[in-house]
Amino acid sequence: MTPFAVDGIQPALNEIPVFAVDDLVRVASRSPIGHYRVPTYLRGCLGKVVRVIEPAMIDNEEEGYGRNAGNRRHYYRVAFAMTELWPGYGGPANDALEIEIFETWLERV
Amino acid sequence: MSEHDHPHEPITSDSKPSYYEIMETAVRELLIGKGLITANEIRHQIEVLDSRTPALGARVVAKAWSDPTFRERLLADGRAACEELGITFYDDTQLIVLENTETVHNLIVCTLCSCYPRPVLGLPPDWYKAKPYRARAVSEPRKVLAEFGTIIPDDVEIRVSDSTAVIRYLVLPRRPQGTEGWSEDELAAIVTRDAMIGVIPVTVAERAAS
């Protein structure tokens, strides 16, 4: 989070990242109709936050419909083991996939 | 009139436009017709895109190899470091630069469409937008890399980055041995588009071949 230089400033909840680096998260298993930015192969998968992307940004899925106001939250770079995503993965166990995911798609584990 | 002696076919366009070509034309004509944008603005944006080529990314990589403090700034904030070199970002995307090391090899893909670091690399190659690459890069990256001739040892982690929202990725390849003392221009000349996507390493042989 951007440090607040002035004492006594209280940030709104959506200005503060909900998750921190090393938090374990699960991608929601939703199947929304319309525009989405979370690939289906990740739904329900367990990952770990490796970077909080600053600053908070507009939710792309809402932006797709021109709804930009009031939906600024954080994106997180989340790492998944390939073996978590693909049960039959043939490569070494430490191969990984990283992707940026909007806060509303993540559930704390 | 042409001086050479072989006949030329007349230039024609007989194939019917596709569904999406028709849709693009219709939306473009509506936007222009309603005065929301002008034909000149579209032409200008095409000029902007045409001005972006892998040569820009190659300059960024060469500078990162030559200047450790620039490399640190590039890894901390890819967009800001590129802007230092005068490479503007005409959209709201951020850039994360992924450094290849002895233990990690990065590969970028966009499984949903064709997200690509266009401000620094220009338009993506056709294979990057094709479904086989997009599906297989995330599920069997080692096989995909092997088809590009890139064999990654099992003790090196493959880290695939799927760019789908507001972040774009650029791979900072490893500097090849035998390039000690090279100038930034000489280094930039061996950095290829495919190396910055992560499907091949940078090799010294590229210079001889180009």
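How many bridges pair strand β1 (residues 24-27) of chain A with strand β2 (residues 46-58) of chain A, and in which sense, parallel or antiparallel? Three bridges join them, in the antiparallel sense. The legends below describe a predicted model, in which local features need pLDDT of at least 70, side-chain atom pairs count only at pLDDT 80 or more, and totals for chains, interfaces and linings use all residues. Residues are numbered from 1 along each chain as its sequence is written, chains are lettered from A and ligands numbered from 1 in the order in which they are written, and side-chain values use heavy atoms, with hydrogens and water left out.

**View 1. Chain A and its elements.** Chain A has two helices and five strands; helices (H or I, at least four residues) and strands (E, at least two) are DSSP runs, numbered from the N terminus. Their order from the N terminus is β-β-α-β-α-β-β. The C-alpha trace of chain A spans about 50 × 30 × 20 Å along its principal axes. Of the 109 residues of this chain, 41% count as buried. Here buried means under 20% relative accessible area, exposed means over 50%, and partly exposed lies in between (1.4 Å probe, protein chains only).

View 2. An open sheet of seven strands has the order β5(A)-β1(A)-β2(A)-β3(A)-β4(A)-β3(B)-β2(B), with mixed pairing. Two strands count as paired if DSSP finds at least two bridges between them. At the edges are β5 (106-108) of chain A and β2 (104-109) of chain B, each pairing on one side only. From one strand to the next, the twist averages 35°.

**View 3. Neighbouring strands within chain A.** Strands β2(A) and β3(A) are antiparallel and share seven bridges. Strand β3 (residues 72-81) of chain A is in turn joined to strand β4 (residues 96-102) of chain A by seven bridges, again antiparallel. There, A:Arg77 has A:Glu100 of β4(A) as its bridge partner.

View 4. Helix α8 (residues 131-139) of chain B lies across β4 of chain A and across β2 and β3 (157-162) of chain B. The helix runs at about 150° to β2(B); axes are lines fitted to C-alpha atoms, for helices over the stretch in contact, and angles run from 0 to 180 degrees between N-to-C directions. B:Tyr133 touches residues including B:Leu107, B:Trp127, B:Phe148 and B:Val199, where contact means heavy atoms within 4.5 Å. B:Tyr133 is also among the residues with the most contacts inside the largest nonpolar core, as are A:Phe80 and A:Ile101. This core has 77 residues; a nonpolar core is a set of buried Ala, Val, Leu, Ile, Met, Phe, Trp, Tyr and Cys residues joined through side-chain atoms within 4.5 Å. Helix α3 (residues 54-66) of chain B gives the most to the core, with seven residues.

**View 5. Cysteines of chain B.** Zero disulfides are found over all chains, a disulfide being a pair of cysteine sulfur atoms within 2.5 Å. The sulfur of B:Cys113 is 3.6 Å from its closest cysteine sulfur, in B:Cys110, and therefore too far for a bond. B:Cys113 is partly exposed, at 35% relative accessibility. B:Cys82 is buried, at 0% relative accessibility, and its sulfur is 17 Å from the closest cysteine sulfur, in B:Cys115, also too far for a bond.

Key
Lists of a residue's contacts leave out its neighbours within four places in sequence.
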